[in-house]
Amino acid sequence: VQLQASGGGLVQAGGSLRLSCAASGRTFSSYYMAWFRQAPGKEREFVAAISWSGGNTYYADSMKGRFTISRDNAKNTVYLQMNSLKPEDTAVYYCAADRVRAVVTTTPAYWGQGTLVTVSS
């Protein structure tokens, strides 16, 4: 599966942004999908993941309540709605996919290119 993330940009602290990740292929609905991020000088970290049907979602503790992951299997797209953004949310955000839930939150097999989110104070 090939992934293409979009929707990054510059936003003020407290603002919102929605990232999208479009996937190619006819088997999108059989993949767990996830978002990761990498801030300057830091390691890549898990943000959120979602099950095949969208019925189950998983979040890093620091993102709970502010970020929402969702998917539209008809459009082969996964989203990350980010609210109440903070300067420390500044990072390159990556979407990822894997068939196994335990793997998609750690070392997914498929990655998209990143999209930069910059939160100004």
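**Aromatic rings in this model**

Let's start with tyrosine 94. At 16% relative accessibility, tyrosine 94 counts as buried, where buried means under 20% relative accessible area, exposed over 50% and partly exposed in between, with a 1.4 Å probe and protein chains only.

Some ground rules. This is a predicted model, where local features need pLDDT of at least 70, side-chain atom pairs count only at pLDDT 80 or more, and totals for chains, interfaces and linings use all residues. Residues are numbered from 1 along each chain as its sequence is written, and side-chain values use heavy atoms, with hydrogens and water left out.

Now the pairs. Rings of Phe, Tyr and Trp (its six-membered ring) pair if their centres lie within 6.5 Å; planes under 30 degrees apart are stacked, over 60 edge-to-face, the rest tilted. How many aromatic pairs does this rule give? The count is 5.

Take phenylalanine 36 and tryptophan 111. Their ring centres are 4.9 Å apart and their planes sit at 55 degrees, so the pair is tilted. Phenylalanine 36 is in strand S4, tryptophan 111 in strand S10, 75 residues apart. Strands here are DSSP runs (E, at least two residues), numbered from the N terminus.

Buried or exposed? Phenylalanine 36 is buried, at 4%. Tryptophan 111 is partly exposed, at 32%.

Back to tyrosine 94. Tyrosine 94 pairs edge-to-face with tryptophan 111, at 6.4 Å between centres and 85 degrees between planes. Phe36, Phe46, Tyr94 and Trp111 form one aromatic cluster.

Last, a charge over a ring. The charged end of arginine 99 sits over the ring of tyrosine 31, 4.4 Å from its centre. The rule: NZ of Lys or CZ of Arg within 6 Å of the ring centre and within 35 degrees of the ring normal.

How values were computed:
Helix = DSSP H or I, 4+ residues; strand = E, 2+ residues; numbered from the N terminus.
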